[in-house]
Amino acid sequence: FNLKEGVRLRDGDVIDLPQAGQLQLEFTDGGTVSVIGPGALYIVAATARDAKQPGSAEFLLNRGWLKFETKPPAPRLRIRTAQGTIATSEAAAVVHAGDGFEAFVETGTARLSDVGKLEIAGGEIKGGGFASRPAGKPLAIERRPPAPFAAALPRDVMDPAPARLPRCASVHAA
């Protein structure tokens, strides 16, 4: 299917973006997730489970660039890749998945975890920090992103994502 602006995505949806493709997901209680193609994203959980509990969303990024921005009351967010996971409830960050895992936290704080583990010791990364894990190597955390990462950043992830949800309100009114 070709996605149109305003479509609702559900748990279990798989998005495959071509080279110049872009996807922006917006949560009704705040927060955005943007993916720049080529990319592949699996929506593990994005649907609210219970109005009494804080929301959470989980995505599996198989390849591509992803930027997220979240702050309360937006849902807690977890982005998994084949080489590592980043989770937060209040941060803006860029994640790249390919042969390895790279994450740059612009603002806020995020927790990192290794594949199949909940969290790793010392796995907190604060605004301005960078983490990477090439395939077959351990996770490394640095104080700032290296020049090759900064040079490879797609232009579309350098600025905050514009809010588009208000434009789609009439699509979902019923």
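Is Glu 106 buried, partly exposed or exposed, and what is its relative accessible area? In this predicted model, local features need pLDDT of at least 70 and side-chain atom pairs count only at pLDDT 80 or more, whereas totals for chains, interfaces and linings use all residues. Residues are numbered from 1 along each chain as its sequence is written, and side-chain values use heavy atoms, with hydrogens and water left out.

Glu 106 is partly exposed, with a relative accessible area of 27% (buried means under 20%, exposed over 50% and partly exposed in between, with a 1.4 Å probe and protein chains only). Lys 67 forms a salt bridge with Glu 106, the closest N and O atoms being 3.3 Å apart; a salt bridge places a side-chain nitrogen of Lys or Arg within 4 Å of a carboxyl oxygen of Asp or Glu. Because Lys 67 lies in strand S4 and Glu 106 in strand S7, this pair ties together parts that are 39 residues apart in sequence (strands are DSSP runs of E, at least two residues, numbered from the N terminus). Salt bridges with shared partners join Lys 67, Glu 69 and Glu 106 into one network. Within it, Glu 69 and Lys 67 have their closest N and O atoms 3.9 Å apart. Lys 67 is buried, at 4% relative accessible area, while Glu 69 is partly exposed at 22%.

Ala 93, in strand S6, counts as buried at 0% relative accessibility. Leaving aside neighbours within four places in sequence, the contacts of Ala 93 include Lys 67, Phe 68 and Glu 106, contact meaning heavy atoms within 4.5 Å.

Technical notes:
Helix = DSSP H or I, 4+ residues; strand = E, 2+ residues; numbered from the N terminus.
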